[in-house]
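Please look at the sequence and the structure below before reading on.

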Amino acid sequence: MIDVRLLRSDPDFLRTSQARRGESVGLVDEALAADETRRKAIAAFETLRAEQKQAGALIPKASPADKPALLERTKQLSGQVKAAEKDADAAEQAFAEVMKQFGNIVIDGVPEGGEDDLYVLETFGTPRDFAAEGFTPRDHLELGELLDGIDMERGAKVSGSRFYFLKGQVARLEFALVQHSLAKALQYGFTPMIVPALVNPAAMEGTGFLGQAAQDVYHLELDDMYLVGTAEVALAGYHSDEILDIAQLPLHYAGFSPAFRREAGSYGKDTRGIFRVHWFDKFELFVYCAPEDAEAEHQRLLECEKDFISSLRIPFEVLDVASRDLGLSAARKYDCYAWFPGQGKYREITSTSNCTQFQARRLNIRLRDKDGVRPLATLNGTLCAMTRTIIAVLENFQQADGSVTVPEVLRPYMGMDVMTPVAGVV
């Protein structure tokens, strides 16, 4: 949520941010009008309540002749105060609903454009020349089936489309990635956490996932609970309604959880294999810090992601995400795109967002320092989204015979150097 003081003091600044996001500029005027209505309603309620208290205080001192009129007046005021309070509450709620529609303020320097505008900042590694090696690379699903490690058919039978089973060597690959992620998170100084996969509406809304992303969220209506699409939701809610002392900050958490996504807007896209699925496991990095430290922490998260991908020896690019593709909570976002030989292009495998004070305002998370109490900043970043990282490993380390060389850093966890095709797969 944006700062209401900014709305009042510099509405043109908000209009500029909204335009950069490709969102409604008129929302600023709607918010200003709702704020004015709210302030008037609160003032009317407080005026009547003060008059009610004043009249009530006069009753014990009133003469017998004046007391009936005062009692009648306090009775009238009681009804008026209740009505005014109801109006003030409604105006407050209407204002809050308008404010929830704002995306975070876009940070200066974020490039203009949408999801098709890819601004590459850095490139690491060189894709293999499979033609020079004398064979055409297989995609991850063909490799997974040769290894008897990915079963989409039975996933669909049990759970529906975009579900899968990992088994054998590929299941061991995920467990190895989990262990490597944990080791890296500890190396980076993050506290590991296993977080709930079900959260309440306040946590989901507070992180901004019931806005633009609502269509991709699974809701359990009977319990009024939500399945998380990322551990970010639970990690953001962890300190909700708390005041953290500045001496405690920054806090660095690494949360592991399953992630559930409807992929409602991706009908017909990436339907082959496990690239775009309804469920996968993920390690997510999360930071609480002072607002003035947020940009430095964002760079640190990006360096963690770059180091993790580099440790696997997978070629990748770093992208500065365009303004209309930021999502509701992010003020700036960087994505890492790994090279997928089976698709012949780079695809997203990690993302890191600076959410500034946006989520903290919605979740009422504040810090206390020598100057008082104020909202802190939150940031998040993917350390390892298992399915897409598995794809990158299988496709980049495949051999002509369908075997897959295990990246060196994963061998101690895998207990093998090479994943080999399984004869007579059933």
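C384 is buried, with a relative accessible area of 0%; buried means under 20% relative accessible area, exposed over 50%, and partly exposed in between, with a 1.4 Å probe and protein chains only. This is a predicted model, in which local features need pLDDT of at least 70 and side-chain atom pairs count only at pLDDT 80 or more, while totals for chains, interfaces and linings use all residues. Residues are numbered from 1 along each chain as its sequence is written, and side-chain values use heavy atoms, with hydrogens and water left out.

**Overall**

Of the 426 residues in the protein, 50% are buried. Along the principal axes, the C-alpha atoms fill a box of roughly 105 × 45 × 40 Å. The secondary structure consists of 14 helices and 18 strands. Both kinds of element are DSSP runs numbered from the N terminus: helices are H or I with at least four residues, and strands are E with at least two.

**Cysteines**

How many disulfides does the structure hold? The number is 0, where a disulfide is a pair of cysteine sulfur atoms within 2.5 Å. C384 is in no disulfide, and the nearest cysteine sulfur, that of C336, is 12 Å away. For C355, the closest cysteine sulfur is in C289, at 11 Å, which is too far for a bond. C355 counts as buried, at 1% relative accessibility.

**Helix α8**

Helix α8 covers residues 168-187, which is 20 residues. At 1.5 Å a residue it should span 28 Å, and its end C-alpha atoms are 29 Å apart, so the two values agree. The expected span is 1.5 Å times one less than the number of residues. Buried residues of α8 include Q169, V170, L173, A176, L177, H180, S181 and K184. An α-helix has 3.6 residues a turn, so residues three or four places apart point the same way. Just after α8, G189 takes a positive phi of about 90°.

**Helix pairs**

Two packed helices are described by the angle between their axes and the distance between the axes. Axes are lines fitted to C-alpha atoms, for helices over the stretch in contact, and angles run from 0 to 180 degrees between N-to-C directions.

| Helix pair | Axes come within | Crossing angle |
|---|---|---|
| α2 (residues 11-21) and α3 | 8 Å | roughly 140° |
| α3 (residues 26-58) and α4 (residues 67-99) | 8 Å | roughly 160° |
| α8 and α13 (residues 386-396) | 10 Å | roughly 110° |

Angles under 35 degrees count as roughly parallel, over 145 as roughly antiparallel, 65 to 115 as roughly perpendicular and the rest as oblique. The angle of roughly 160° makes α3 roughly antiparallel to α4. For α8 and α13, roughly 110° means that α8 is roughly perpendicular to α13.

A crossing is left-handed if the near helix is turned anticlockwise from the far one by less than a right angle, and right-handed if clockwise. The crossing of α2 and α3 is right-handed, and that of α8 and α13 is right-handed. α3 passes α4 in a left-handed crossing. The residues of the contact of α3 with α4 divide into 18 nonpolar, 6 polar and 9 charged. Here Ala, Val, Leu, Ile, Met, Phe, Trp, Tyr, Cys and Pro count as nonpolar, Asp, Glu, Lys and Arg as charged, and the others, Gly among them, as polar.

**A loop residue**

T271 lies in the loop between β9 (251-260) and β10 (279-289). Is T271 buried or exposed? T271 counts as exposed, at 56% relative accessibility. T271 and R162 are 109 residues apart in sequence, and their C-alpha atoms are 7.2 Å apart in space.
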